[in-house]
Amino acid sequence: MNLTEFERNLSSFCAGYEDYTKLMSDIKRLDNLIQANEKQLNDSLIKIPFTHLYFVDGLGIFKHQTPTLLKQNKQLIIKYNRKLMKSKKLSNSLHEQLEIIRNDYLTSNGEESEAKAKLAIKYLKQFWQI
């Protein structure tokens, strides 16, 4: 692969990695929202002592917020699962791209190898935590 293709692959990898980190932060945010929603939902139910069971209030009626919380929880979980599947696909794609970049770098000769190393440092230094 020539230097232009190598640079294109590096650029594509960096863009994909930025998308992946954004996606992971979205997943973490959704996870926090789901946990907060489930805590509210659990607080709206009445716990039966000495068991792990819950029931609605004494009249068998849900508290007014419970149906809304259930609906919100369902929507949040659907979004979470979609983003999780998308992140898995993106992760696999990033691994493949990185393997292609690595193999191409390892098979290049002296001068070409130095030029590719400089390009790799230029693109990947933003991900190093020094």
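The questions and answers below concern a predicted model and the reasons for the terms applied to it.

Q: What makes up the protein chain, and in which order do its helices and strands come?
A: The chain holds 3 helices and 2 strands. Along the sequence they follow the pattern α-β-β-α-α.

Q: How do you know that the span of helix 1 agrees with its number of residues?
A: Helix 1 has 42 residues, and at 1.5 Å a residue these should span 62 Å. The end C-alpha atoms of helix 1 are 61 Å apart, so the two values agree.

Q: What caps the N-terminal end of helix 1?
A: Asn2 does. A side-chain oxygen of Asn2 lies 3.1 Å from the backbone nitrogen of Thr4.

Q: Why is the pair Asp26 and Lys22 called a salt bridge?
A: The term requires a side-chain nitrogen of Lys or Arg within 4 Å of a carboxyl oxygen of Asp or Glu. The closest N and O atoms of Asp26 and Lys22 are 3.3 Å apart, so the pair meets the cut-off. Both residues lie in helix 1, 4 residues apart, about one turn of the helix.

Q: What makes Lys83 and Asp26 a salt bridge, and which helices does the pair link?
A: Their side chains meet at 3.5 Å, N to O, which is within the 4 Å limit. The pair links distant parts of the chain, with Lys83 in helix 2 and Asp26 in helix 1, 57 residues apart. Lys83 has a relative accessible area of 24%, between the two cut-offs, so it counts as partly exposed. Lys22, Asp26 and Lys83 are linked in a network of salt bridges.

Q: How do you know that Lys116 and Glu112 form a salt bridge?
A: The N to O distance is 3.9 Å, and the limit is 4 Å, so the pair counts. Lys116 and Glu112 are 4 residues apart in helix 3, separated by about one helical turn. Lys116 is buried, with a relative accessible area of 0%. Glu112 is partly exposed at 30%.

Q: How many salt bridges does a search of the whole structure find?
A: It finds 5, including the pairs described above.

Q: What makes a set of residues here the largest nonpolar core, and which elements contribute to it?
A: The core has 10 residues: Phe6, Leu10, Phe13, Cys14, Leu94, Ile101, Leu119, Ala120, Tyr123 and Leu124. The elements that give two or more residues to this core are helix 1 (3-44), helix 2 (66-107) and helix 3 (110-124). The name applies because the members are buried residues of the listed nonpolar kinds, joined through side-chain atoms within 4.5 Å.

Q: Which residues is Cys14 in contact with, leaving aside its neighbours within four places in sequence?
A: They are Tyr123, Leu124, Gln126 and Phe127. These count as contacts because the cut-off is heavy atoms within 4.5 Å.

Q: What share of the protein chain counts as buried?
A: Of its 130 residues, 23% do. The chain exposes about 9700 Å², of which carbon and sulfur atoms supply 57%.

Key: Residues are numbered from 1 along each chain as its sequence is written. This is a predicted model: local features need pLDDT of at least 70, side-chain atom pairs count only at pLDDT 80 or more; totals for chains, interfaces and linings use all residues. Side-chain values use heavy atoms; hydrogens and water are left out. Buried means under 20% relative accessible area, exposed over 50%, partly exposed in between (1.4 Å probe, protein chains only). The expected span of a helix is 1.5 Å times one less than its number of residues. A polar contact is a pair of N or O atoms within 3.5 Å; within protein, one must be able to donate a hydrogen and the other to accept it, and residues adjacent in sequence count only if both atoms are side-chain atoms. Accessible areas come from the Shrake-Rupley method with a 1.4 Å probe; for residues, only the protein chains shown count as cover.
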